[in-house]
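Good morning. I have one chain to go through today, so please look at the sequence and the structure on the screen.

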Amino acid sequence: MSSWLELIRRPFRAVLADQHADPTPPPGSWKARYIRDAEHYRLRADRDPFEGWEKIKVPHHLVRRELQSALDVAFGGGDLKIYRRYLDRALLKAERIRRDGLPENRDRHSDLDRFELGEAQCDEAYARLLRDGTWDMAVFSLGLEQMAEWCFDKHSNPRWDDFTKEKALELAPRAVVASKDELFAKLLKRMSKMSEIRDLDLWRAVAETTSPARGASLIQRCLAQCSKGYDNTPLGNPTYQFELALSIWVLRGNPLEAVSIDAVVKIVYGQDAD
């Protein structure tokens, strides 16, 4: 008889097997990228997550890097054990940041601390959702609030610079995931007269529709059309694609606690049923 752990693993493997059956994946695909870097992911997953902690200069990457690595493994058809190790690393780092604050040697302006602390909390909630199937709305909402405060309070000038615009737009899918309609509307109102930046038209269209199902379809269309990202992967940045998938999941009326990596991968690859 199969163990309960094997029963959990089997759907994940089945999804990945369907998506990555081609033994020679196209260059630049998630599968090809993972095959190329598989040894790197394996080795880094076993290293001390706090190695060089006090020397870290870019705290933005502390939790996000581990979450992104977990998604790289999942989207690339990698080992489930390695995927879970990266989620564990993300949670360990997030818990340390909440307890001790950001590393002292960071090479950033102090006014970014609030945004980065909030981002770490949001990523902590994402990692816990993927690892344990539990959604901590309190932690996520607090993180989202801190990020929003940085955008609206610290940068109260009505003409945001490009850096602030990009940071503010990161809140759009998170506001949808958390069902923060007021924040979402406030963001879009503030951006209504801005020049074109990444996917701004998408979020404007989502804000204007009165149908959640229509909003989900708009995001799914954007997800299907993503053709460029870092390292020329056809699906773009994995954490952003993950947030798009979660936005679709929520707009379709599904509870976050019911989402799984299988469902995320299917949405990202356009293989799920509407």
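I start with a question: how many contacts beyond four places in sequence does the model have for residues 227-235, where pLDDT stays under 50? The number is 28. This is a predicted model, and pLDDT is the predictor's confidence in each residue. There is another stretch of this kind at residues 1-9, where pLDDT also stays under 50 and the model has five contacts beyond four places in sequence. Where pLDDT is low, the predicted coordinates should not be read in detail.

Now the overall build. The chain has 13 helices and zero strands. It counts 274 residues, and 52% of them are buried. Take the contacts between residues at least 6 apart in sequence: 69% of these join residues at least 24 apart. The accessible surface comes to about 13,500 Å², and carbon and sulfur atoms account for 51% of that.

Finally, one pair of helices. Two packed helices are described by the angle between their axes and the distance between the axes. Helix H3 covers residues 61-75 and helix H13 covers residues 261-268. Their axes come within 11 Å and cross at roughly 70 degrees, which means that H3 is roughly perpendicular to H13. Which residues make the contact? From H3 they are Leu-71, Ala-74 and Phe-75; from H13 they are Ile-261, Val-264, Val-265 and Val-268. Sorted by type, the residues of this contact of H3 with H13 are seven nonpolar, no polar and no charged.

Conventions. Residues are numbered from 1 along each chain as its sequence is written. This is a predicted model: local features need pLDDT of at least 70, side-chain atom pairs count only at pLDDT 80 or more; totals for chains, interfaces and linings use all residues. Side-chain values use heavy atoms; hydrogens and water are left out. Helices (H or I, at least four residues) and strands (E, at least two) are DSSP runs, numbered from the N terminus. Buried means under 20% relative accessible area, exposed over 50%, partly exposed in between (1.4 Å probe, protein chains only). Contact means heavy atoms within 4.5 Å. Accessible areas come from the Shrake-Rupley method with a 1.4 Å probe; for residues, only the protein chains shown count as cover. Axes are lines fitted to C-alpha atoms, for helices over the stretch in contact, and angles run from 0 to 180 degrees between N-to-C directions. Angles under 35 degrees count as roughly parallel, over 145 as roughly antiparallel, 65 to 115 as roughly perpendicular and the rest as oblique. Ala, Val, Leu, Ile, Met, Phe, Trp, Tyr, Cys and Pro count as nonpolar, Asp, Glu, Lys and Arg as charged, and the others, Gly among them, as polar. pLDDT is the predictor's confidence in each residue, from 0 to 100.
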